[in-house]
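Dear colleague,

Please find below the structure that I am handing over to you.

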Amino acid sequence: MKTMTNTPAQKDAERRPDPGTLLSVRDLTIEAGSKELSVRLVDHFSLDMAPGDRVALVGESGSGKSVTARAIMRLDPDFRLSGTVDFEGQDLLKLNEKQMVAVRGHKIGMVFQDPMGALNPLMTIGEQVMEPLRISGVSRAESERRAKSVLEELGVANAESRMKAYPHEFSGGMRQRVVLAMALISDPSLIIADEPTTALDVRVQEQVLTLMDKVSKERGLAVLLITHDLGTVAGFTDRVAVMYSGRKVDEASVDALFSNPAHPYTQGLLQAVPRIDQTVPRLLTIPGAPPHPLNRPTGCAFSPRCPFAFDLCLVESPELRPSPEGGVVACHLYGASGKDEGS
Amino acid sequence: MTTVANNPKQQTAVFLLRKAASSFITLVGLSAFVFMMVKLIPGDEARVAAGENASVEQVEAIRHSLGFDQPVPVQFVAFIGRLLHGDLGTSITTHVSVTQGIQQVLPQTIELVLLAVLIVVTVVVPLATVSALHRDGKIDYTFKILVIVSAGLPTFWLALLLQYGLGTKAQLFPISGRLSRNMHVPTRTGSVVLDSLLAGNPLAAWDGLQHLILPAVVLALPFGAQLYRMLRAELIQVLAREHLTVARAKGVPQRQLVMQHVLPNSIGPSITLVGIQFGAMVGAAVLVESVFGLVGIGSYLTNAVSQKDTFAVLGGVLVIGALVVVSNFVVDILQLVRDPRLRAGQLGA
């Protein structure tokens with residue numbers, strides 16, 4: 001299983017047990033808090049990504065999407081993780097911190113929500129972009145050359161002189177390009193983007209997304225996009241996984257999800273998105289709020305807010321089953337009886 | 001776009017000049033204040049200068065010769081006038097020039113305080129860092145308790161304890177004095193360690209340093225505790241910042257994370273605190289110096305105050321004030337070196 005001789009050159013040549021899979025998360029469960037008062041933030045989450053795949057992880061705040069992303073990178077040492085996270089043939093949850101350091105930023109890059117707070121205010125842009133390379137022993141001259149080229153690729157003008165500048169001299173959109181450059185410089189095979197455009201204004205959002213789209217296509221990068229913004233999802237990804245209260249409740253291709261959403265929660269989310277091409281008297285919202293992880297209702301966690309909830313929903317938590325649209329869904333509406341009242 | 005400074009050197013010069021001017025004003029204000037305070041302390045300076053057995057006529061004669069019969073503002077102007085010539089006046093009790101008197105003792109205090117600052121910084125920074133990284137863990141609690149207890153010990157008692165334990169019992173350090181009896185070093189700068197080195201006598205320098213270690217430790221403890229608490233709190237705040245998660249996600253290993261991302265972002269308030277502590281230590285050195293049989297500006301000032309030696313007090317306070325001003329100046333420079341945002345604000349760079 002553990003192949004620890006992954007130099008960048010070998011990356012493509014080396015074969016994984018299942019060449020079709022880049023990342024395979026199986027039953028990832030994340031718990032926080034003390035042993036006495038344990039909170040299950042994420043419950044048996046599974047997800048597969050092939051090289052070059054673009055998957056969106058969607059959900060409200062507190063649904064566990066960011067926690068999941070951070071758990072893949074093992075960024076929160078206080079969380080207890082179980083399950084497996086197979087990445088390029090090694091289980092990341094079994095690596096020690098030192099081995100994990102070699103994965104972070106080198107094989108998996110990460111982009112964060114708040115570009116204003118994402119950079120060290122005391123280091124020059126160049127130093128920060130070069131850092132992943134410098135850590136792995138690349139010479140200064142070579143690091144500078146690659147930093148310049150990746151910044152140029154991301155549309156930073158005068159990259160060479162801008163590398164000497166400090167973060168406070170950059171705008172939000174420019175900083176996000178720098179954050180992206182830091183994630184890309186080591187030529188990873190997967191980028192995890194945690195709400196990369198949420199903190200930016202709309203025009204800059206568009207620019208950053210277009211850029212991510214272009215760069216990931218050119219490099220054949222797999223992207224896991226964490227967002228609560230379905231608008232972002234539509235233009236950018238191939239597949240969507242919807243999380244609710246720590247569980248994956250729905251997963252489908254973008255087209256299927258938008259045209260024929262399976263889970264009532266997904267339907268609700270879509271109705272809450274303003275559309276240019278449709279005139280609705282009033283934008284629909286999902287009544288209520290997601291439950292606190294310490295206080296989940298018995299049965300389906302969405303049942304108190306679900307317009308289609310029936311007796312079974314209040315008692316039994318639904319398992320993931322194949323959905324009519326070719327994805328998976330965790331909803332009793334798609335039980336053995338094959339009822340489909342959803343759409 | 002980057003606003004590249006038209007002339008960074010010029011801007012730095014302007015900044016330094018501005019700082020120097022404000023330092024000068026601070027010193028003038030300080031001397032006026034101290035001058036007033038001395039005048040307000042009850043007691044007759046002329047009587048002290050003349051001696052207990054002097055007649056009324058003799059006292060008046062001395063009062064006239066020292067200018068104490070002039071109105072206070074006139075006395076102050078005369079004092080400032082002499083000050084500009086580097087003349088701090090003559091001590092009315094020892095009849096030695098105050099400048100000379102201070103020159104003899106100040107370097108020894110500075111030696112002591114610098115060593116104490118060095119101890120504070122080299123011990124506290126790693127301690128606070130480990131504490132913050134293991135927040136609320138066993139190590140953190142142990143350090144916390146250790147720091148609080150050591151800072152809570154009264155200086156004189158702690159001094160005696162160390163003298164007994166490390167001096168008498170363990171024979172690790174000399175108990176008292178500035179240099180062993182068999183050592184002789186010609187005085188040049190006044191700093192024993194420096195003079196020994198200048199005289200090409202490293203043995204004497206080492207001996208002088210050993211004499212300083214216990215007093216410096218005693219002096220350092222309460223200040224170290226202060227710094228520990230502040231730095232630990234600041235570190236914990238910085239550790240929660242987003243850019244540290246980003247740095248970790250980039251694959252920055254723990255050690256480099258601490259050295260390049262956490263510490264530089266945390267030490268700002270600590271630099272300011274150490275700057276303030278430097279001045280406070282000069283004052284706090286009095287007690288330590290008396291316990292360990294050292295001379296210094298502290299003992300000089302204490303004597304001067306108790307004898308109502310106007311010029312000696314003024315001189316001593318001014319010199320300490322100047323030290324504080326200088327340390328603040330150094331602090332400002334260090335902060336500018338540390339933080340590019342400050343450079344941009346202050347220098348327009």
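Chain B contains 14 helices and 0 strands, where helices (H or I, at least four residues) and strands (E, at least two) are DSSP runs numbered from the N terminus. Along the sequence, chain B accordingly reads α-α-α-α-α-α-α-α-α-α-α-α-α-α.

The model is predicted: local features need pLDDT of at least 70 and side-chain atom pairs count only at pLDDT 80 or more, while totals for chains, interfaces and linings use all residues. Residues are numbered from 1 along each chain as its sequence is written, with chains lettered from A and ligands numbered from 1 in the order in which they are written.

The C-alpha trace of chain B spans about 85 × 60 × 40 Å along its principal axes. Of its 349 residues, 35% count as buried (20 or more other C-beta atoms within 10 Å of the residue's own, with C-beta atoms placed from the backbone). Of the contacts in chain B with a separation of 6 or more, 70% are between residues 24 or more positions apart; a contact requires C-beta atoms, placed from the backbone, within 7 Å.

Between the chains, 25 residues of chain A are in contact with 21 residues of chain B. On the chain A side, helices H3 (97–103), H4 (125–135) and H7 (172–184) each supply at least two residues, and H4(A) gives the largest share, 3 residues.

In helix H11 (residues 264–271) of chain A, the buried residues are Pro264(A), Tyr265(A), Thr266(A), Gln267(A) and Leu269(A). Their cover includes helix H9 (230–236), strand E9 (239–244), strand E10 (247–253) and helix H10 (254–259) of chain A.

With kind regards

Technical notes: Buried ≥ 20, exposed ≤ 12 C-beta atoms within 10 Å, placed from the backbone. Contact = placed C-beta atoms within 7 Å.
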